Amino acid sequence: VQLTFLGAAGTVTGSKYLVEVDEGRLLVDCGLFQGEKSWRLRNWEPLPVSPREIAAVVITHAHLDHSGYLPLLVRSGFSGPVYCSPGTRDLCAILLPDAGRLQEEEAAYANRKGHSKHHPALPLYTEQEAYLALQRLSPVPFGKKMEPLPGLACTLVPAGHLLGAAMVVLGGPAGTLTFTGDLGRANDPLMPAPSALEKTDYLVMESTYGNREHAKEDPEARIGEIVRRTISRGGVVVVPAFSVGRAQQVLHHLARLFARGEIPQVPVFLNSPMAEQATAALCRHVGSLRISEAECRALSSVARPIADPEGSKRLNGLKAPMIIIAGSGMATGGRVLHHIKAFAPDPRNTFLFTGFQAAGTRGAAMVAGSQTVKVHGEYIDIRASVVQLDGLSAHADAPQLLAWLSAMGTPPRRTFITHGELSAAQALKERIQRQLGWTASIPGYLERVELGR
Ligand SMILES: [Zn+2]
């Protein structure tokens, strides 16, 4: 059995692992490279293996750095099945067409402005190509054994993290090989803890937070405090939120705060059709969540959805108090931009960012205390208070990763550390060696290893 690291090696995005056995080739995860340009350019390079020669794909979860390359794979000739959990299928149906649409819009914008080196600038793939890729998805429930290749068994195991997120456990001639995908927190309010693994011969282990520990803040208490403070001074709370995952966490916390009477009954608007779809998808799979059906109904009904852009603009004319949840989470685009123009200049209002803000984004500038940000070519004064929540992460932190590993009865024969910035991967490797006494390695991009020798 050969394993080749086609992505998430020395970086946190682009997850793609090629598994080769005598009977054929299987790709585990099919993610886009995101972030730094040097990595993003790799999305445009052909894979070292022809997509026509890949028999099947298994996807751990719907985040684009694990699923977002699928439309390209299908366009380049892949014609096999793509196995994933039912929850992942539902979220891919929301995320992949949106990714294609955004890429078409960016290419069109670059062509209008003429600021691309490429004439004409092309999208990586289109919305239509994303729909074609969705036709290949074949949902398989957690725990059900399947055979993506003759003689190679495969089971999806819950990983927490996100609706539908799975670990992929393969059983073949070289023993068992497990890919963690992204592991969730043991104490996530919506998702169950990642399942414990008893034993695996080989492990491909994520390390996103391999060098970090989550802050010990209680996000629900903090949201309550911020909402009360803003409302008492007659302000509006604007929550730039990631539509899939984070927005639902915020809705859940708000529903609980309202139910306990800890925040006043003010209107809440969910100004993101994608977040609304993701909320519906979440509740269709309530059996795989930590919360009950009643709690799912409560979080689905806490906010009024805003369907059209006109309704979105009307929100800017409404009087405080209110809470508006709108994409995107780092204020890089989407409907929240109009709310920045309308609400950021007033010191009574609050912008509540719900997670990590990548360098160079408006969100990062606002969190760092910038006095102005540029929106649609216009400089907007930031006088509203700006708060960043740390406690809503969907990832296990370093101590939780270690705890999950140490629950394994027998150490794997080999552990490969992937899906982390190099510093995070190295920190996790050292902790594994020091605390567990296992050896682990950090594979390089395109490195190929032989298993079972
Ligand atoms: Zn993820």
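This is a predicted model: local features need pLDDT of at least 70, side-chain atom pairs count only at pLDDT 80 or more; totals for chains, interfaces and linings use all residues.
Residues are numbered from 1 along each chain as its sequence is written, and side-chain values use heavy atoms, with hydrogens and water left out.

The zinc ion is coordinated at 2.2 to 2.4 Å by His 61 through NE2, His 63 through ND1, His 161 through NE2 and Asp 182 through OD; donors here are N, O and S atoms within 2.8 Å of the metal (3.2 Å for Na, K and Ca), and since water is not among the atoms, sites may look incomplete. Because His 161 lies in the loop between β8 (152-158) and β9 (166-172) and Asp 182 in the loop between β10 (175-179) and β11 (202-206), the pair ties together parts that are 21 residues apart in sequence. Helices (H or I, at least four residues) and strands (E, at least two) are DSSP runs numbered from the N terminus.

The table gives relative accessibility for selected residues, where buried means under 20% relative accessible area, exposed over 50%, and partly exposed in between (1.4 Å probe, protein chains only).

| Residue | Relative accessibility | Class |
|---|---|---|
| His 161 | 4% | buried |
| Asp 182 | 2% | buried |
| Thr 350 | 2% | buried |
| Ser 138 | 24% | partly exposed |

Thr 350 lies in strand β16 (residues 350-353), and its side chain makes a polar contact of 2.9 Å with the side chain of Arg 233; such a contact is a pair of N or O atoms within 3.5 Å, where within protein one must be able to donate a hydrogen and the other to accept it, and residues adjacent in sequence count only if both atoms are side-chain atoms. Ser 138 has its place in strand β6 (residues 137-139), and its C-alpha atom is separated by 8.3 Å from that of Pro 86, 52 residues apart along the chain.
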